[in-house]
Structure formats: C-alpha cells, structure tokens
Amino acid sequence: MSADVSVKDPAARAARLRHVAWYQQPRMKRLGAMLALGVVLTMMVGEQGNTRDIFYSLETSFTGVNLWVCVGLAVAIWAVREFAGTSVSKVAGSAVAAGRALPVDRVRTMLRTQPKLKWVLAVAGLLLALFAPYNLTGYWQTVLVDQVATYALLAIGLNVVIGWAGLLDLGFVAFFAVGAYSAAFWTGALPVDPPVVLNNFLVIPVAVLTCLIAGVLLGAPTLRLRGDYLAIVTLGFHEIVYIVAKNADGFTGGSAGARQIPKFSAFGYEWSLERMPYWYLLVTVIVVLIIVFVRLEHSRVGRAWTAIREDEVAAAPTVWTRCGSS
Amino acid sequence: MLNKTIVKVAIPVVIGALALTGCAGDSEAGDGGSYKIAFQGPLSGDNTALGENEDKGVRLAIDQANAKGDLPFKLEYLPVDDQGLPEKATAAAQKAIDDPDVMAVVGPAFSGPTNSAAPLFGDAGLTALSASATNPTLTEQGFKTFLRGVPNDSAQGAGMATYYAKKLKAKTVYLVDDKSDYGVGLATVAEKELKAAGVKVIKKSVPAKTPDYSAAAKEVVNSKADALIYAGYYQDGAPFAKKLDEAGYKGAAISGDGTNDVKFIELAGKATEGWYLTCPCTDANVESATKEFTAEYKKKFKVNPGTYSAEAYDLANMIIQEMKKLGDKVDRQSLHQALQKATYKGLTKEFSFDDKGELKIQNVYLYQVKDGKIEYQGAIEELAGS
Amino acid sequence: MSLNEFWDYLVLGVVLGSIYAVIAIGYTLVYGVLQLINFAHSEVFMLGAYGGLISLTIIAPGDSPSALASVGYVALGLAAGGLFGAVTAYGLEKVAYRPLRRRGAPRLIFLITAIGASFFLYNLAGKLFGRDPLPMPDAYENKKVFTLFGADLNVTQLLLLGAAVVMMIGLDLMVNRTKLGSGIRAVSQDAEVAGLMGVDIDKVISRTFVIGGVLGGAAGYLYGTFTQVKFDMGFIPGITAFAAAVVGGIGNIRGAMLGGMMLGIVETLTVPVFGGEWRHVGAFVVLIGVLMFRPTGILGERVGRTA
C-alpha cells in the first residue's frame, strides 16, 4: 500500500463527509419523532380490537378523525417548540418568576429554615388522609383500602431493598405472598391447622419472622451473585413461590386459597368489612412503618445499605454484606 | 427548558384531574322511578365470550321490559367487569353495591369471583343471582344473598361420570383440571362419581395458561386411557384438544360448560371433532321454547345466542317479574325475600330456589361437536340410560 | 416411566428447547453489548407471532395447499415474523434505550424502562388485536413425518427444530466470520476501546438489536404455529428464555443455545415426573442450582465494560 494519500481537493471531500442531509437535521428528526408519537397515540386511543377481524382496530384508527387530531396535535407541539420555543419559554420563565414572588416560594424557604413547619405539614397531610375519604364514593374507598394502602406498604418495603440497598430484587412480591400465607396459617384459615391459633395482630410479628426466614433462604444461594444474576434468580424464586402456592393444594388451599380469614380484633373491637375503620388501621400501620424506616435509614444498618448500594466490592470488608436486607 | 416546564406543569395537572374524577362520583341518588339491574362477569381479559353471552341476554331482557311499557318504573342496565378473576371481583361488586339504584345483580358469572364477591353482596343485602357459577361449595358457605340459577357442578360432574360409566363403558378415565375454582370443583365431583361407578381414574392437573400442552397430551396417550375429562375453560381446552389430536389420542373426550362455546371450535379447528360437551343449559338455537328469543337476540346483536344467554335472560326476567309485584317501591331487602321464595317459569327451565340458594331442578344436557358445530344431543340422564 | 416414554418426552423437550434457545440468543446478544436485560424482548417475540399471523391472514393458505405452496407460506410467516420482530427491536432501542445511554442513566433505570416498554407493548397489542387467543392459520397439514427410535415427529416439530437449528448456525457464523460480528464482539468486550478502534458503537448496537429481533420474531411465528397467538404469550417463554441465557452464561451465545435446550428438556420432563403444574418450577430450580455451583453460568459469562 503506497503512502501516497494525495486526494483531489481534500476540502470538498471533507465537506461532503460533514454534510448532513435535510432530513437528518435535528429539527426534522424531532418532527419524525413527533409524527411517530402521533401515530402511536392514535393507535392507543382507537377502538378496542377484536379477534373476529384483527384489522378492525387498525382500520378504524387510521381512517377516522382520530389520526388527524393526534398527528395534528403532535405537529402543533413540534411547531410551537421549534419556532416559538424561545418566546414560550420566556413566557413560562416569567410565570415561574412571578410564582417565585408568590407565597409558594416563601413557604418553601420557610420550610428549609424552620424544620418544625415540616411537622405541621405532616400532621395536616395525615388529617387529610384520615378524613378526606369520607367524601369519596364507596367504590373509591374500596380502591383506597384494597389497592392504594397495600401498594403503599409494598412500595415502602421495596424502597428498602432496591432503593437503599441497591439490590435488584425482582421477586420481592414473593414475600408478600409468604407473609399473607403465614398470616392465614396462624389464624387457622388454611387446610393445615397451626399448633396455636393466634390473634391477627399477634400474627404480624410471626409473619415478619417467616418472611425473614424466607429471605435468608433466598439469600443463601444468591450470596455470591452480582446484580443481574440476582435479578433473574429472585424472579425465579418469585415464580417458584407463586407456583407452589397455587399447586400445593393440601397445604395452601390451591387456587381457592384461604377464605374466611378471621377479621382483625383487639380489645373487643372487631374490624368488619367496613372500609373506614380498616383504612384507619392501614394508615396507622403505614405511619408507624414510615417512622421506623426513617430512623433506620440513618442508623448503622441504613448506612451499611447505602455503602452496599454505592459499591458492593468496596463495602465488603467493612460491612456485613446483605444481612437482614430482606 | 421548555421540556422541563411542560413536564413540571403536566404531571400535577394530570394527577389532580384523576383525583377529581374520584371525588365527582355518581351521586345521583335514586331519582324516583328508575332502577338498575347489574351484571357481573368477564367482559375483558380471558374467556370473555362467556361473560358477553350473559351480558347480552340481560340487556335484551331489560330492553324488552322497557319497551313493553307496563312497568311502574324505568329499568336500566349496569355491567361491571370482574375479568373472571377473584381479585378483581371485589372492586367490581363494590361498584354495583355503591349505586343505590341497583336492586339485583345477575352474576357473578364465574365461580372464583363469586367466592370473593358474595360476602360483600351479602353484607349489602344485594341479591346475586348467578346464571353460571357452578362450583358446588358456593352454596355451602352461608352467603346471605346468593342464589344460584343454574344446576351446580355436582350435577354436571355426576352427569359426565354417568355417561362415561354407563353409556361409553369407559375403563380408564384421565381426568384433567385447570386449577381454577371451577375446574377443581368439577373434577372433584367427577372423580368421586367415577370411583363410585368402579371406573379407574387418573387425575392430573394442567394449569390454565400453560403455554405448551404437548407434554400433557403425550402423558394422556402414554397412559392408555380410553376416555378423557377436561375441567376448564375454552381458552385452554382448545390448545389441549389440538395437541391431543397431534399426539394421536383416539379415545373419547368430554368437557364442561366452560368449554361449551363456539370459540372452542374456532381455536382448535378439526381437533375438536367428536368432543362431548356438557352444560346445565339448553341450546337456545334449537329448543322450540327459545326460538323467539333467538330471533330477537339475533336481530339486536347480530350474533347467535351463546352459552347461558337464555339463562341470563330468564334470570333477568325473573327479577323484573318480582320487581313488578313489589310495585314502585322496590328495595334490596324486599326484592331478596321475594326472589328467595319465587317461582318463575322461564324459557329454559322453571326457577325456584331451596333454602340454601340452590336450584331445585338439576338438569344437565349433552352436546357434541360434529362437523365444526356444537350439536345438542339431549338430557344426559336419558342418554346415559340410567 | 419407561425408556420409550422418556425418549418421547426428551424429543418434545428438545423441540421446545430449540425455541427457547433462539429467544435466549436475543437476550444474550443485547446483554453482551449493553449489559442490559432487555425485558421487552418477550414482546418482540409476541409481535413476531402477530406478524406471522397477519401475513398469513392477508395471504391465506386456504384449505389444502400443495407442498411447495406450504413451504412458501411458512417462509412468508417466518419472514413476516422476523420483520415485525426487527422493527420492534429497532424501535425499542431507538426510543427506550438510546436516550438513556446518552444521559448515562444508572442500570436500574434501564431495567425499569425495559419493563415499562414490555407492559406498553403487550397492552397495545392486546388493544389492537383483541385479547382472545387466535390460532395461527394452518399452512400445511400437520401429519406424522417419521418415527425417530420410537418417538413420533410431526411436521410442526420438525419445522421448529429445523428452523431453530438453521437460525442458530447462521447466527454463529455471522458473529464469528463477518465484520458486523466482530464489531459485536468488540463492543461486548470493551465498548470504549472498540470506539477508538473505529467501530461505530451506535450502529453496532442498533444492528445487534435488529438481529436479536429477527431471531425472536421468527421464533414467535414458530411458537405461534406450535401453540396459539395471544397478546400475553411472550411473558412465560420470555422469562424462561432469559433464565436459559443466564444458565448458559450470560453474554455467551453458545451458552444461550445450550441453556435453552437444557431448560426446554427439564421443563418437559418435569411434567410426567411431577405433574403439569410444576413445569416452570423445574426450570427455575435448575437455574438456581446451576447458579449456586457455577455463578457465571455453565459456559461462563462474556461481558466486558459497559457501552
């Protein structure tokens, strides 16, 4: 290969390499992206497809008004951002600046300088959570109790594992199942009788203990695994728990599960299917847990979790890795 | 800058809007003279064909009653969707309970949701008349307002067992359930009856939503059973039937009302040829009593009535009859008491309930898939020659 | 269980395993170049099945096509499946993962985005195509072709096995003999240095996704022929295939093939031994067992520094 690298008119060659076609300009790329978004939006708000005619949904979406509305909206947003972008952000900026003059921002600075104010807000939030649901319909109250409170509890727990300890645990919900089944077991609702039937409130620490044991059982084989392996093993563990719960008929009641679990009762008061007393119970539990976990975050264990999250290898010699994080 | 501002503004607005929709709620308290009949069943998710059949039946009944014009009140329809799942059933039931106009519910359609929702209906005093929840244990749990408008699986399982034992004289029966409430209930009854008749039973479970049935089909063939019972729904019965055909299974095959739907044939094609299907329901297209119903149904919905459409229609009409008797002051308690004691001669059968909520008459009918169509054969007791 | 029956199940397991192997390759390829578990790959698989379904609905095979026509229809299904899979995978990379890479997002964010993309795609498919299962139109008559030491093999099983083997061999050749393949291997080992050596990282990653998508989509069509097509059909084969990729050694393509075969066989053999309801437990117990004794998978992992 000769060393002669002479090129006719190197400047023009270089210019051609740098040349960006009109459709590759960032502006047009953004337009393309917005158009694609418009099309996806049309499909999303279109008719529900049915299996008698698999093209039904696509046909109605793309031959109707929806398509033009969604694509038009997308193109309009693109146009505003491209051509009026600076002026709109100026307007927005001045609105935000005007907002800064409002009490909102003064409140924010007050919060920073007077920590006691946080307590006031927290109590206000608590009162809102306790009394606002009376204005909602029964359906939304059920949603609050069934779904909102349960997911909040689960999220608090998940926050510890994934947020603080940085462990990619995809099978966290398996512990939800373990806790539920142990609660059912110790209150005598499963086909197998427990040695002693406990009150619902006493079952909670026992269920926590069972989950602890399950966590250790899960942790033992996975101690040596790194992030992504941990993810798939916990996912596998979760599937195993699900399938065992569904199939071990004699012990877990199979897909029928445990019915007629005794209601919570303490000091003679029994929680029935009434939603509001149950909501108060759940809010109390959530508040207690939040307080406990906030204290835990700044304790020795919490700092250990933070160390693990930041860098497991560096943390290993100085911290007992992974103890008790599940 | 603009992107961040958009996001900062959009998110609170969206959350606020969602929260406000919750507060709005349906606060129309019973505006004098309008009542609702609700239907709970799978209208989305899996096995929706069974829910939609009943939904249309109830709709037809309500529309006809309104059109006839002899009601002292206006009747409306409220469908609630529980996706056939026990977890979703409580919220769906709550929706019906919260609406003060709802006087009775036709449903829940599936046995699993009934288990979860019936206690709620009981506490609210709202009658739940199911046209298809066949698990035998449902009436043994002491639900206060549950009435079963369909013969339960004790009859269905016994019917299957009798047919195999007496008519087909099967020696070994391979019994498969799909681990749902319905499947397990049906399989338990069938097993008991078959053993009582002296037939050898191999009982296995193949859960619903198994992606690949080849191994299960291979097991059936290797076990040399000459008859098969599948207790489950059509969405899984169909691939199972297909794989059985591929594996070379030549014996008899029977399944229950969860598989008795034209979609079973659509999904599995020729593999369903010769399958028996039982149902505590009659075929609305064939019976002379339901010919007019079928014509009206076809005119309104442009499809043929399916499994339990006529039964749901009958139950809705039973509710309407009792409501008429109560005049224009209908409330849930009185309607429940009336329905508990009522007798109604419907198109499909005569409805009257015993004190547990079970139907007094327990008839099971047999169908067979021939040439890609489900053909009505007759009452199973007569066919088995017992 | 007699030897004859064992052989029957083994053959079924190999057939199922070959599909898992092809899907696992998709997971492993992406993990190799990006160190990302592409959870949305199961939706690529599912959309490939729908692609095959749509193409065979538009050009319907009719009642009894001739042998040559059958081959044509199957090829059409495979091609359409591969196309849908490739487009989906390319779209995923461009929309979901590239912006995150540009901003150096932490690994957890990639994972959550992948899960979110997976949810979005399968619900969109459910909305567009209905939520009931659909049978794949028959392009051929599924009769028994021959008997291999006593186990029957019909056309579908042979098709699955054959197509999977061809795809795996093709991929192996591509990764080891072509320029793109060496690009992929380079980016897997060390993306930054590969960039310094003149490899266009973005293009290589994009093409990796496309290749994984073609394989996954074609596997989807095959799986749809084997069972039925439904909007959530991707979930369980997806996690089993990912477990297979991990068992064989993540990032290692031959490991993915081996892992897929192993898990398919284990899953099928669990059915007669323990019962149909325990089939997935068998696969995951094997996964945990392998990882306990050999934490980097059977053939060892092949991952380098992140892109």
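Student: How many residues of chain C are in contact with chain A?

Tutor: 28 residues of chain C are in contact with 25 residues of chain A, contact being C-beta atoms, placed from the backbone, within 7 Å. Bear in mind that this is a predicted model: local features need pLDDT of at least 70 and side-chain atom pairs count only at pLDDT 80 or more, while totals for chains, interfaces and linings use all residues. Residues are numbered from 1 along each chain as its sequence is written, and chains are lettered from A and ligands numbered from 1 in the order in which they are written.

Student: Which helices of chain C supply at least two residues of the side that touches chain A?

Tutor: Those are H2 (41-58), H4 (107-129), H9 (235-248) and H11 (279-293) of chain C. Helices here are DSSP runs of H or I with at least four residues, strands are E runs of at least two, and both are numbered from the N terminus.

Student: And how do the residues on that side of chain C divide?

Tutor: Into 21 nonpolar, three polar and four charged. Ala, Val, Leu, Ile, Met, Phe, Trp, Tyr, Cys and Pro count as nonpolar, Asp, Glu, Lys and Arg as charged, and the others, Gly among them, as polar.

Student: OK, now chain B. How many residues of chain C are in contact with it?

Tutor: 22 residues of chain C, and they meet 23 residues of chain B. H1(C) gives the largest share of that side of chain C, five residues.

Student: Changing topic: what does S10 of chain B pair with?

Tutor: S9 (residues 252-255) of chain B runs parallel to S10(B), with two bridges between them. On S13 (residues 365-370) of chain B, the pairing with S10(B) is antiparallel, with four bridges. Strands count as paired if DSSP finds at least two bridges between them.

Student: Which residues stand opposite each other there?

Tutor: Ile254(B) is opposite Tyr276(B) in S10(B), and Cys279(B) is opposite Tyr365(B) in S13(B).

Student: Are the residues of S10(B) buried or exposed?

Tutor: Tyr276(B) and Thr278(B) on one side, and Leu277(B) and Cys279(B) on the other, are all buried. Buried takes 20 or more other C-beta atoms within 10 Å of a residue's own, exposed is 12 or fewer, and partly exposed is in between, with C-beta atoms placed from the backbone.

Notes. Two residues are in contact if their C-beta atoms, placed from the backbone, lie within 7 Å.
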